[in-house]
Amino acid sequence: MSVCPSQVLIMAGTNDLKRRTAPEIASSLEQLHATCHAAGTRTLALGIPHSKASTVGSRGRSERRREVNACMWLRASAEDITYSGYTDDGHTGERVAACVR
């Protein structure tokens with residue numbers, strides 16, 4: 001008997017920040033969502049959180065985190081993806097919760 005969940009939470013990308021570009025990470029995340037959707041499973045995308053792993057190292061790592069989260073937020077608004085995570089307010093640098101759908 002095969003079991004197919006009705007919903008899947010996808011939290012991924014943090015470890016990729018060190019060695020992959022934001023478009024590469026976002027593309028991989030989109031593929032994960034597409035695979036689930038093809039099986040009839042709804043998805044929830046959890047943005048990459050602000051953490052030591054996502055900010056320690058080069059300044060680019062933090063920028064990539066913000067860019068991936070922005071890509072996923074935009075993709076979620078156009079697709080059947082629920083997004084929950086953080087986007088950065090460009091005026092204050094303050095993290096604000098953003099949820100689509």
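How many disulfides does the count come to? In this predicted model, local features need pLDDT of at least 70 and side-chain atom pairs count only at pLDDT 80 or more, whereas totals for chains, interfaces and linings use all residues. Residues are numbered from 1 along each chain as its sequence is written, and side-chain values use heavy atoms, with hydrogens and water left out.

With a disulfide taken as a pair of cysteine sulfur atoms within 2.5 Å, the count comes to zero. The sulfur of Cys 4 has its closest cysteine sulfur in Cys 36, at 8.3 Å, which is too far for a bond. Cys 4 is partly exposed, at a relative accessible area of 46%, while Cys 36 is buried at 16% (buried means under 20% relative accessible area, exposed over 50% and partly exposed in between, with a 1.4 Å probe and protein chains only).

One cavity of 30 Å³ or more was counted, a cavity being a set of points, on a 1 Å grid over the protein atoms alone, where a 1.4 Å probe fits but cannot get out. The largest cavity holds about 50 Å³ of space, the volume being that filled by probe spheres set on points joined across faces, edges and corners. Its lining, made up of residues with an atom within 4 Å of a point, includes Ile 10, His 33, Gly 47 and Tyr 83. Two or more lining residues come from each of α1 (22–38), β2 (42–46) and α3 (59–78), and α3 gives the most, with three residues; helices (H or I, at least four residues) and strands (E, at least two) are DSSP runs numbered from the N terminus. The lining of the largest cavity comprises nine nonpolar, three polar and no charged residues, where Ala, Val, Leu, Ile, Met, Phe, Trp, Tyr, Cys and Pro count as nonpolar, Asp, Glu, Lys and Arg as charged, and the others, Gly among them, as polar.

Conventions. 1 Å grid on protein atoms, 1.4 Å probe; cavity = no way out; pocket = protein on both sides within 12 Å on 5 of 7 lines; lining within 4 Å.
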